[in-house]
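This report goes through the disulfides of one protein. The sequence and the structure come next.

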Amino acid sequence: MPKRTRFTTWRPLATAATAALVATLLTPAAADAAPRESRPVHSYDNAIREAVWVDTGLDGDRDGKADRVAVDIVRPREPARQGRKVPVIMDASPYYSCCGRGNESQKKTYDANGDVNQMPLYYDNYFVPRGYAFVGVDLAGTNRSDGCVDVGGRSDIQSAKAVVDWLNGRAKAYTTRTGTTRAKAAWTNGKTGMIGKSWDGTIANGVAATGVEGLKTIVPISAISSWYDYYFQQGAPLYDSGPEWLSDYVNSPDARAKCAAVQQKLVDGAPRTGDWTPLWTERDYVRAARKVKASVFLVHGMQDLNVRMKHVGQWWDALAKNGVERKIWLSQTGHVDPFDFRRATWVETLHRWFDHELKGYDNGVDREPMADIERAPDRWTTSKTWPPNGTRAATLRPDRGAQAGVGTLGLHRGHGTATFTDDPKLSETDWAAQIDKPTPEKAGFVTRQLTRDLRLSGSSEVTVTATPSTPTAHLSAVLVDIGPATIRDYADAGEGITTLTDRTCWGASTAGDSSCFKETKAKTAGVDYTIVSRGWADLGNHASDLAGGPLTPGKRYTITLDLAATDHVVPKGHRLALIVAGTDQGLIDPPADRPELTVDLSRTSARVPFVGGAAAFTRTTTGAAAATPDATPLDGVRDPRTAHRVPEGSQ
């Protein structure tokens, strides 16, 4: 397949068969025109509800039998009667029984025949009447499936890939978990779109990275692109436990009784040193981006401190490099589904996306801007491409300022040193609140007040040269917009939303499966600063991202920290700050020691992607120096909550 540019290109999907199908649903006058939107012409109440068990070809629980994963199906009855085949929307999840899906933590429920009664979320309610089948897959080791959860590894991915294979006639399925009666997917044309939030979206990424035929599009929401980066960043541990804890959390009782060997593999393969191992290679979907054939509609919160924005930057860049068709939404929220922060626009856009990608309708979604970005609560802008054309990295350099301990940030090489002592009780919010005051736990550097808006778009990196006083040391680097703003309160329990009591309905309902969900509104906070991007590293990984080692106290080391992707406009009158510090409390774990670090400013820099590059930075920072800021602590959101250990499917 020839390589494409990073601009969106689209496959012509419409076929004569599709046109013939639509002609049977439209009036004679309307049938002359190509369809632009699927309509709710099928009965949801009378939809076929059934379950099959797909053979994965694996025996993860080592019981001597191939594992079968449970597949619950809701599909329209009318096309089946008429011999017409329908496309599939699929959500493969570990959460259908243990934890629930969506803002209201819905679980699957079943009727007396064992067929799904309530399917969580609105996808089946909305799309089945519009001529789609919806398929909810229990990952191996969860709910009604055999096998073991291996947290993004072969078993997880094969759970869903095998279902795509079955939908396309390449795998076996049965009408019961242990029986021999085969089930055929003769009702589908095999065209499949995968969707899901968090772990579910992660599975969509992983299945797409296999290159499986029949998977036409994926919609990963708040999803992981490499499991190493869920647990570590450049050797720095982000959590105090590994994937074995997560596997045990979602495994069914039956799986817990059988999966001790898988649990031990997860322990052995994910040492708390933060070293890269073969376990992480198996769970790195970025490296396999070249295999992705499906288009990708990616959605993420820029303040997601659970599945952090690093997953977006590396996945998006890899997809772009390999010419994958793609679209992106970036919100100001934390770990929140777009159904709960931009509901009406989201459902409409998702509808048009699936119509285009799975039904082949020429509805114009391919000609719209690539990116939708939330600039302020409920205020969205678009970009034709993302990052925008003309975005180039500028190298910013920290320097000593007029006041000891309060440095400057500009384009000229710095001089001298800055020293701080790791304080694991403090976080990025503590550092930013005291940006205009020297404090012992950070080194802070600030630009002049901007004379015009300055837009960052993409991933940054910060190179730090530091001398530690102890054999272990962790580093954090944070970019901060200093100035008043109203933002979504991502540190609140709702991570930027408040759930209301009123409900709105999205599709058809039955007595057992309502399409009506609680409304939400933006939860906002007035702040004096906004964290723009973050990154962390174990200084012991200075020689390699793959492995670390002890440091020699008093020896100078250089390391480059990857900062998460973002898209943020620093407004006129604000300042941009770089903070270098140690443990970011609540977001990384502290090192064994409490080091003092001396930063060589002449060998420290930040490469930041600005729209307009270094020239744009120069234009915005050449005004007269502002008066010395008041050193009164600045207000921001509360300290980051203790980081999640679960890529949750619900709030």
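## Cys148 and Cys259

Cys148 and Cys259 are both buried. In this predicted model, the two form a disulfide with their sulfur atoms 1.9 Å apart. Cys148 sits in the loop between strand S6 (133-138) and helix H5 (154-167), and Cys259 in the loop between helix H9 (253-258) and helix H10 (260-269), so the bond ties together parts that are 111 residues apart in sequence. The disulfide of Cys148 and Cys259 is left-handed because the torsion about its S-S bond is about -85°.

## Cys505 and Cys516

Another disulfide links Cys505 with Cys516, at an S to S distance of 1.9 Å. Cys505 belongs to strand S23 (residues 497-505) and Cys516 to strand S24 (residues 516-522), so this pair ties together parts that are eleven residues apart in sequence. The torsion about the S-S bond of Cys505 and Cys516 is about 100°, which means that the disulfide is right-handed.

Cys505 has a relative accessible area of 47% and is therefore partly exposed. Cys516, at 19%, is buried, because buried means under 20%.

## Cys98 and Cys99

Cys98 and Cys99 are joined by a disulfide with an S to S distance of 2.1 Å. Their link is left-handed, with -90° about the S-S bond. Cys98 is partly exposed because its relative accessible area is 29%, while Cys99 counts as buried at 19% relative accessibility.

## Overall pattern

A search of the whole structure finds three disulfides. Counting bonded cysteines along the chain, the disulfides follow the pattern 1-2, 3-4, 5-6.

Definitions and conventions. Residues numbered from 1 in each chain as written. Predicted model: local features only at pLDDT ≥ 70, side-chain atom pairs only at ≥ 80, totals over all residues. Heavy atoms only, no water. Disulfide = S-S within 2.5 Å. Buried < 20%, exposed > 50% of the residue type's maximum accessible area, 1.4 Å probe, protein only. Helix = DSSP H or I, 4+ residues; strand = E, 2+ residues; numbered from the N terminus.
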